[in-house]
There are 4 protein chains.
Amino acid sequence: MTLATWQRRAELPLAIAAVVFLISYSWTVLVPDLPRELRFALELVDYATWLVFTVDYVGRVVLAERRWSYVRHHLVDLLIVVLPLLRPLRVLRLITLLRFIERRVAHSLQGRVAVYVALSTALVLYTGSLAELEAERHAHGSNIHTFGTSLWWAITTITTVGYGDHYPVTTQGRLVAAALMIAGVALLGVVTASLASWLVQRVRLGAETASQDERPGEVERLRAELAELRARFGTDHS
Amino acid sequence: MTLATWQRRAELPLAIAAVVFLISYSWTVLVPDLPRELRFALELVDYATWLVFTVDYVGRVVLAERRWSYVRHHLVDLLIVVLPLLRPLRVLRLITLLRFIERRVAHSLQGRVAVYVALSTALVLYTGSLAELEAERHAHGSNIHTFGTSLWWAITTITTVGYGDHYPVTTQGRLVAAALMIAGVALLGVVTASLASWLVQRVRLGAETASQDERPGEVERLRAELAELRARFGTDHS
Amino acid sequence: MTLATWQRRAELPLAIAAVVFLISYSWTVLVPDLPRELRFALELVDYATWLVFTVDYVGRVVLAERRWSYVRHHLVDLLIVVLPLLRPLRVLRLITLLRFIERRVAHSLQGRVAVYVALSTALVLYTGSLAELEAERHAHGSNIHTFGTSLWWAITTITTVGYGDHYPVTTQGRLVAAALMIAGVALLGVVTASLASWLVQRVRLGAETASQDERPGEVERLRAELAELRARFGTDHS
Amino acid sequence: MTLATWQRRAELPLAIAAVVFLISYSWTVLVPDLPRELRFALELVDYATWLVFTVDYVGRVVLAERRWSYVRHHLVDLLIVVLPLLRPLRVLRLITLLRFIERRVAHSLQGRVAVYVALSTALVLYTGSLAELEAERHAHGSNIHTFGTSLWWAITTITTVGYGDHYPVTTQGRLVAAALMIAGVALLGVVTASLASWLVQRVRLGAETASQDERPGEVERLRAELAELRARFGTDHS
């Protein structure tokens, strides 16, 4: 089996594992006083999704032509599997699902980017708020104790507003914050870039129309002259 | 009647309803100790503008060819009509009016974008400040009590500066804040994109001029040769 | 005398007036315990620079072909003359001087934009800090009392960082802040746009080189065929 | 020896000096209670790296054709050598090393920009945190006392979030902050510009493909007519 086949076949199981993880993770974080049995069950589910991601990663490394180079170029995938702290990043798998939604909703490249950005941002905000709440809830001196506050904080962070009415104090919470800030910089970048490429396109379309009226004229005249030339010969030599 | 006809005819009534709503909404929020009768009258006006928006929305859905698809693609319009919380979004209708102003003031695409952005930003800032003041004024632990403070907060939010000297504490106020932040990201994006497309255009114009000096030369020479060719034949065969 | 002549001749006096105003304004703000006579002298200087700007404005309106339209399109110039609060905006005149510096220092369009942005930002930061200090220094509950603090605050504002360790509390100070924030949004936009246009240019230059190797080939071959054609005829008919 | 030769030969020594400085500087700042002998040794190392930079600068000025112009255009290099405060800027030399890494990792222009930006940002964040910690650690009223806090503060600053939970209070610390803010503005700009140029490229590639299907057709037909013309002549005159 080739790497490409593996990746195509693994797409669905990974997406399902990501959705299952997202539900189980939300449950664990949002309802903290779970009965003991349920908590154990959710931990099993978490372990199962971890297994799916690990099997996929190992399979890809085994099937890669140059294994060492593959590992070096997919360090994030390795870290997601190895570090429990990075569990929430499993949700990023769902962004591959967004591709399918985005294609059905919008048609132009910029429209698709817009849908993609909106859905990814919502997903990142939701998962980031959960991870932040998990990290900060019981920390000493923390000021993020509810999901509402955590979501509000995540929004002020990803837009780079940063009032400072709420902010993380733990190392884990600050790592989540840093991830959200990077997402924020990328968000600003993507929004601006889409608008810019759309404007550049519109301006050029205008210019193109103008210069096409001009230039093909040249070619047109050349063709006309050739046609005339041929016509003359046609009458001369036939 | 087709959907397009409906929309063209509805444009003026909707714009008027939006202006009337903006005045009545400003009055209600900025002058809180209104006499009972006036408050009742303003509520009636608010209801009347709601009716205009609802009739327009129903009309558009009825006239749409694929109604379900139309509803799905115009969810915001539905929410504006259904949720009283989103009343301030009626003001967005006025942005269609801005189109007419913008066309009269500026000529280049970037100039028009600049006027459009300035006017939309002013409108969004004013309406956002009103909505924020309404949400926060009497809230427990709030720090936004006057329109001046609310406007100042709105400016620090839309530019993503976010000092944190004033910030919303209610859910409704935070929703308004999130809307302003999204507007801020879009604002940054539009300003940057306009400048970028203008610069790209200038750089390309320079390049175009250079390459037009070059390339048409080729075509010119081709044409000259054809002309000469034809001239020869002209003298040979006539 | 035409409007263009007036503007060309007014450029130097206005620039001098702006420099003089900047020095006198810095003096007034940075050395608050001035002897009475000096303060009076500086007020006279301030009045003199105001006169230069007013005469220039009146002259331009008188010489404009369509006076009312000219006034409408140059509202900021009117406000600078009418409102003492906007005195610091006189410094913006110096940005026309920057044009001459910028042309001598850099050659490419992006290089010139970079020099222009750096110098304008420095000028805006300096003047903004002075204006903020003047507005906030003696205000009740203010936290900006020295020029150092004011400059630091201006830097955190124009870069849209906004820690909130210092922030204006007076209306006048908040107007200065809003101006700096708008400058900040423009700054971000110009920096990004310059980089984007530079990248787009580099990417296109690569593509152009590739497509020029391709396309002229077509024209080249056409020309070769024409040459051959002519050569044949040349031998046949001469 | 020419300036270019000098610069090529100086590249490796300067990079080594920068790495040595970075290690020695980290050691001095992160382990403050060093034994006296070690502290003295690290100071010697610091002096040695300064000597390398100074010799390089003097050499470049001596070898430059127009020395005064060279000094004017390389003021930052002079300041790095003259002001001990700017020592951390020596690390910027390592960015020339990044060029070599970046070329080996990525292929497209945007990919290389991404790797370059990520590595430079990491380097700037690390060095900025060290410099900030050195400036603020023992300052009166400071709130940055550990490297962890300093790094967290640097991240909130470079992304322009600026919560305000930590901020510099010393002049030296604020200079470091200003440098990080400028880096942040540049970071936002580069990320956005890369995305924009990538999008513009993709949009144009689509347009090019479409217009190439169209336009070469014209040339193609012209060529076909010429071929036919030649064929006729070939049969007529041979």
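The model is predicted.

Chain A is built from helices. Its secondary structure comes to eight helices and zero strands. Along the sequence the pattern reads α-α-α-α-α-α-α-α. Chain A has 238 residues, and 47% of them count as buried. Contacts in chain A were also sorted by sequence separation. Among those between residues at least 6 apart in sequence, 63% join residues at least 24 apart.

In chain D, helix α1 covers residues 3-30 and helix α6 covers residues 109-136. The axes of these two helices come within 10 Å and cross at roughly 40°. The crossing of α1(D) and α6(D) is left-handed.

From α1(D), the residues taking part are Leu22(D), Tyr25(D), Ser26(D), Val29(D) and Leu30(D). They meet Leu123(D), Tyr126(D), Thr127(D), Leu130(D), Ala131(D), Leu133(D) and Glu134(D) of α6(D). By residue class, the contact of α1(D) with α6(D) divides into nine nonpolar, two polar and one charged.

Aromatic pairs were searched for over all chains, and the whole structure holds 16 of them. One involves Tyr126(D), which also belongs to the contact of α6(D) with α1(D). The ring centres of Tyr126(D) and Phe147(D) lie 5.8 Å apart. Their planes stand at 70°, so the pair is edge-to-face; the cut-off for that class is over 60 degrees. Tyr126(D) sits in helix α6 of chain D, whereas Phe147(D) sits in helix α7 (residues 147-158) of chain D. The pair therefore ties together parts that are 21 residues apart in sequence. Tyr126(D) is partly exposed, with a relative accessible area of 27%. Phe147(D) is also partly exposed, at 22%. Both values count as partly exposed because buried means under 20% and exposed over 50%.

In chain C, Asp77(C) is placed in helix α4, which spans residues 75-82. Asp77(C) touches Tyr57(C) and Arg60(C), leaving aside residues up to four places away in sequence. Tyr57(C) is 20 residues from Asp77(C) in sequence. In space, the two are 7.1 Å apart, C-alpha to C-alpha.

Notes: Residues are numbered from 1 along each chain as its sequence is written. Chains are lettered from A and ligands numbered from 1 in the order in which they are written. This is a predicted model: local features need pLDDT of at least 70, side-chain atom pairs count only at pLDDT 80 or more; totals for chains, interfaces and linings use all residues. Side-chain values use heavy atoms; hydrogens and water are left out. Axes are lines fitted to C-alpha atoms, for helices over the stretch in contact, and angles run from 0 to 180 degrees between N-to-C directions. Helices (H or I, at least four residues) and strands (E, at least two) are DSSP runs, numbered from the N terminus. A crossing is left-handed if the near helix is turned anticlockwise from the far one by less than a right angle, and right-handed if clockwise. Contact means heavy atoms within 4.5 Å. Ala, Val, Leu, Ile, Met, Phe, Trp, Tyr, Cys and Pro count as nonpolar, Asp, Glu, Lys and Arg as charged, and the others, Gly among them, as polar. Rings of Phe, Tyr and Trp (its six-membered ring) pair if their centres lie within 6.5 Å; planes under 30 degrees apart count as stacked, over 60 as edge-to-face and the rest as tilted. Buried means under 20% relative accessible area, exposed over 50%, partly exposed in between (1.4 Å probe, protein chains only).
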